[in-house]
Amino acid sequence: MRKYTLFILICLSAFTAFTAVFADDAEDFREVIFEELNVLRKKYGCGELAFDKALNSAAQHQAEYLAEIGDLDSHGPSGESVRDRAADAGYGGDKSFTICETNAMVWVDTDIEYLIEEVWRKSQPSVRVIFDQAVRQIGIGIADAPDKHRFIVLNLAGLDDGTDDYSVTRPTYDYRTPKPTVSATPSPEPLITSTMNPDGGVYHIVKEGETFSEIALAYGLDWYTLSVRNNIKLSDTTPVVIMEGQKLVIEPTYTLTPTSTPTKTPVPPTRTPRPTFTAGAAGPGISITPDPIDLPAPDLSRLLNKTLAWKRTAGWILVGLCIPGLILSLRKK
């Protein structure tokens, strides 16, 4: 009996030590993530983050849920959004706030440098979350699954009034009770968009707390289009930094191309050719007058020469005719 009791005590001690090691490991993991993220944010001028208990509770519950289902999901056990989960954990009290979330699934022995550099900084959505200038507080949830996968959830948020203090005026949500259908936390005011100028251009003046992604979404543009129109270089590792009062081109102005006015130039009359008729090809009702034929002039000298050649013969003929006539005329007398 004594040996059996001693065996049980040894097992319980080993289990307690094992649990404590992994609990401390997860807590150390959380602390190092927090420090490394603040180093990066400070490097790019985004401001350091502060731990928030409510955000930490919401992130931890989500990490445990992901470890339970063994997959990544942006919704909670009952389909809750990250805003609902944070509000249900008591974050913000009755104040409006901005919140975003990113998560990751790695092996339990994955180091933090690989997690940040290879998983989060090579994901554009994660970069947007980590370097969002509108957030000032963070919650980090870590849970290990039986298959040796580790799930990490980051909840980054900030109160819209620019402060970090709030009071919980209502009881926080108990995850063992049914999910309420409506959250009492009001939604933040929508981003006010600009109207089109007479020249077709649309410009947006960046206001305090507005992010590049929010502006692109409000105008129905993708990141690439908005970055090209404003000569902003996108990078998977470097966040897009915009300043309050900065003028962003949403729609460029269109250039009017002058249209030439046609000048009417009088057209000279076209000479109508006189029709040429071919004999025998005239239609009915058309009389054809043939062109006069040019006859050659008579050659008188040639004719005279021919006449002179017959002059003697003609003389004898005339003499022969006259003699009989003379004889006849004398006989009648």
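These legends accompany close-up views of a predicted model.

Local features are described where pLDDT is at least 70 and side-chain atom pairs where pLDDT is 80 or more, while totals for chains, interfaces and linings use all residues. Residues are numbered from 1 along each chain as its sequence is written, and side-chain values use heavy atoms, with hydrogens and water left out.

**View 1**
Helices (H or I, at least four residues) and strands (E, at least two) are DSSP runs, numbered from the N terminus. Of the 333 residues, 30% count as buried; here buried means under 20% relative accessible area, exposed over 50%, and partly exposed in between, with a 1.4 Å probe and protein chains only. The protein exposes about 23,000 Å², and carbon and sulfur atoms supply 60% of that area. Areas come from the Shrake-Rupley method with a 1.4 Å probe, and for residues only the protein chains shown count as cover. Among contacts with a separation of 6 or more, 69% are between residues 24 or more positions apart, a contact being heavy atoms within 4.5 Å.

**View 2. Four strands form an open, mixed sheet in the order E1-E3-E4-E2.**
Strands E1 (50-51) and E2 (97-107) stand at the edges with a single partner strand each, so one side of each has no neighbour in the sheet. Two strands count as paired if DSSP finds at least two bridges between them. E1 and E3 (residues 137-144) run parallel and are joined by two bridges; look for Phe-51 opposite Ile-138 of E3. E2 is mostly covered, as nine of its eleven residues are buried.

**View 3. E3 and E4 form a hairpin with four residues between them.**
Within the turn, Lys-148 has a positive phi of about 70°. The two strands run antiparallel and are joined by eight bridges, and Gly-141 stands opposite Val-153 of E4. Seven of the eight residues of E3 are buried, so this strand is largely enclosed by the rest of the structure.

**View 4. His-149 is found in strand E4 (residues 149-159).**
The bridge partner of His-149 is Trp-107. With a relative accessible area of 16%, His-149 is buried. Leaving out residues up to four places away in sequence, His-149 touches Met-105, Val-106, Trp-107, Val-108, Ala-143 and Asp-144. Its side chain also makes a polar contact of 3.0 Å with the side chain of Asp-147. Polar contacts are pairs of N or O atoms within 3.5 Å; within protein, one atom must be able to donate a hydrogen and the other to accept it, and residues adjacent in sequence count only if both atoms are side-chain atoms.

**View 5. Helix H2 (residues 53-69) lies across E1, E2, E3 and E4.**
Its 17 residues reach 25 Å from first C-alpha to last, close to the 24 Å expected at 1.5 Å a residue; the expected span is 1.5 Å times one less than the number of residues. At the start of H2, a side-chain oxygen of Asp-52 comes to within 3.0 Å of the backbone nitrogen of Ala-54. After the helix comes Gly-70, with a positive phi near 70°. Buried residues of H2 include Ala-54, Leu-55, Ala-58, Tyr-65 and Leu-66. H2 runs at about 25° to E3. Helix H4 (residues 112-120) packs on the sheet too, touching E2 and E4, and its direction makes about 110° with that of E2. For these angles, axes are lines fitted to C-alpha atoms, for helices over the stretch in contact, and values run from 0 to 180 degrees between N-to-C directions.

**View 6. Gln-62 lies in helix H2.**
Gln-62 is buried, with a relative accessible area of 0%. Beyond its neighbours within four places in sequence, Gln-62 is in contact with Asp-73, Ser-74, His-75, Gly-76, Pro-77, Arg-85, Glu-101 and Val-153. For Arg-85 there is a polar contact of 3.4 Å between the two side chains. Val-153 is 91 residues away along the chain, yet the C-alpha atoms of Gln-62 and Val-153 are separated by 7.0 Å.
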